[in-house]
Every structure is written in C-alpha cells, then in structure tokens.
Amino acid sequence: MDLRLRGKVAVLTGASVGIGLAVAEGFAAEGVNLVLAARQRERLEKVAVDIAARHGVRVVPVACDVGTTEGVDALVGAAIQEFNGADILFNNAGTGSNETLMEAPDEKWQAYWELHVMAAVRLARGIVPAMKQRGGGAILHNASICAAQPLGYEPIYNVTKAALMMFSKNLANEVVKDNIRVNTVRRRPTIRRTS
Ligand SMILES: NC(=O)c1ccc[n+]([C@@H]2O[C@H](COP(=O)([O-])OP(=O)(O)OC[C@H]3O[C@@H](n4cnc5c(N)ncnc54)[C@H](OP(=O)(O)O)[C@@H]3O)[C@@H](O)[C@H]2O)c1
C-alpha cells in the first residue's frame, strides 16, 4: 500500500513492544523515518536497528520516560536535531492501573496523569511549532474505549484516558488552522494488564 508517507518523519512513544511497535513497523513499511521512545534502552535500540535494517528508513531511538518533563524534552530535542521536527506524532505510551479510586494516594493519581495527559500536552507543545513550519501534520492519541465507558476495572486509567481524549479534541480545535489533524484511537482492551 502506498499512503504517500515516504520520507515523512514520525515520533512514536511506547514503541518497543505491542501496539506502538506494530505502528512503527507500519510506518517504516511506508518509508517513514522514525523517532522511537520507550524507557528500556536495550530493547528499544534492538527494535530501532531491526526496523532500520528491514525497511531502509532512519530510526532514532530515544530511551526516556515520557511521563517526565526531562523525558519529553529529550524526545523533542532528538526529533528537532535529527529531522528538524516531525510530520506525525503518535502518543501511545500508557499503562494499566490496579488501584481503586478510594485507596490510591495522590502520588499514584499524579503518575497516571503525567503519563497519560501531560506527556501528550508537553509533546504537542514541543512538536507543533515544527509541524507548523513543515506546513502541517497529524497527531494521534492512543486512549481507550474505557475513556468513554468504564468496563469495570482500571478506574484511574479510565479517568486519565478520558482526560487525554478531551485534550485531543480541544487540541484539534486549536491547531486545525495550522493544517494539523488530531485524532484519538479508542480501542477495546483485548487483555487485562497486570502492571
Ligand atoms: N492493549 C490493549 O488492549 C489496549 C486497549 C486500548 C488502549 N490501549 C493503549 O494503547 C497503548 C499501548 O498499549 P500496549 O498494550 O501496546 O502496551 P504495552 O504492550 O504495555 O507497551 C507499552 C509501551 O510503552 C512503553 N512505555 C510505558 N511507559 C512508558 C513511559 N513512562 N515512557 C516511555 N515509554 C513508556 C513501554 O516500554 P518501556 O517499558 O521500555 O518504557 C512499551 O514500549 C497504551 O496507551 C494503552 O493504554 C491498549
């Protein structure tokens, strides 16, 4: 399939396994150069070398925690240094929650908020100016069907993914004038995460 993406640049978070890795593979097969983020350096670097070798695209791995300001700064910095920005941003990194709403301390809430919401806010702030200079782009947020309707588990996950979905809708309104499209993916969980 030719989606006319050859030569474009995509920044993907949570790209070393699972959905993020599958999306990275899909982009690379279309000739898209990649900036990939995940925390575990060795696994990410292996993925980057493998994808680059099989698809002939440039792949820059950035081992970082996107739930922190420093992590996002490192990721944005690499995209700007290596590619002068990006045309596509896929905010995918996320994690399930086991805690109940009544028992979870503030620190837990804050951690999910930083990863599911603030990572997307900070990445948009970092990447949108460069996207504008390139004439536009596309931003995708991986939320969950649970952002709209809880399935009876992972309550803090659901609350923070709902906030991500609403951030995504509002961002779409704000950057449409810059020819930037913003979408949210709301997939039904196929597995129950334990971590
Ligand atoms: N699987 C489903 O059925 C499903 C359904 C609906 C929505 N989703 C959403 O889709 C996304 C991906 O799900 P998945 O099942 O593919 O996840 P996964 O298999 O658990 O992979 C998560 C990826 O994110 C990275 N990651 C986690 N925390 C990170 C952090 N703080 N900073 C940077 N990278 C981080 C992980 O690598 P490291 O551990 O090395 O950091 C890994 O590459 C998540 O946002 C999830 O909520 C999944």
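## A buried pair: E114 and R122

In this predicted model, E114 is buried, with a relative accessible area of 18%, where buried means under 20% relative accessible area, exposed over 50%, and partly exposed in between, using a 1.4 Å probe and protein chains only. R122 is likewise buried, with a relative accessible area of 14%, and the side chains of E114 and R122 meet in a salt bridge with an N to O distance of 2.8 Å. A salt bridge here is a side-chain nitrogen of Lys or Arg within 4 Å of a carboxyl oxygen of Asp or Glu.

Residues are numbered from 1 along each chain as its sequence is written, and side-chain values use heavy atoms, with hydrogens and water left out. As this is a predicted model, local features need pLDDT of at least 70 and side-chain atom pairs count only at pLDDT 80 or more, whereas totals for chains, interfaces and linings use all residues.

## Other salt bridges

A search of the whole structure finds eight salt bridges. In general, side chains of opposite charge can pair when their charged atoms come close. One of the eight salt bridges joins the side chains of E99 and K108, at 3.4 Å from N to O; E99 counts as buried at 18% relative accessibility, while K108 is partly exposed, with a relative accessible area of 36%.

The side chains of K177 and D178 also meet in a salt bridge, at 3.4 Å from N to O. K177 counts as exposed because its relative accessibility is 64%, whereas D178 is buried, with a relative accessible area of 17%. Elsewhere, salt bridges that share partners join E25, D50 and R54 into one network.

## The shell around the ligand

The ligand is surrounded by 26 residues, of which the closest are S16, R39, D65, N92 and Y157; a residue is counted here if one of its heavy atoms lies within 4 Å of the ligand. By class, this shell has 11 nonpolar, nine polar and six charged residues, where Ala, Val, Leu, Ile, Met, Phe, Trp, Tyr, Cys and Pro count as nonpolar, Asp, Glu, Lys and Arg as charged, and the others, Gly among them, as polar. Two helices, α1 (18-29) and α5 (155-175), each supply at least two residues of the shell; helices (H or I, at least four residues) and strands (E, at least two) are DSSP runs, numbered from the N terminus.

## Two serines in loops

S16, among the residues closest to the ligand, has its place in the loop between β1 (9-13) and α1, and counts as buried at 6% relative accessibility. Leaving aside neighbours within four places in sequence, S16 is in contact (heavy atoms within 4.5 Å) with L21, A38, R43, L44 and V47. S16 and V62 are 46 residues apart in sequence and 11 Å apart in space, C-alpha to C-alpha.

S97 lies in the loop between β4 (88-91) and α4 (106-133), and counts as buried because its relative accessibility is 2%. Not counting residues up to four places away in sequence, S97 touches Y112, E154, P155, I156 and Y157. The side chain of S97 reaches the backbone nitrogen of Y157 at 3.0 Å, which is a polar contact, that is, a pair of N or O atoms within 3.5 Å; within protein, one must be able to donate a hydrogen and the other to accept it, and residues adjacent in sequence count only if both atoms are side-chain atoms.
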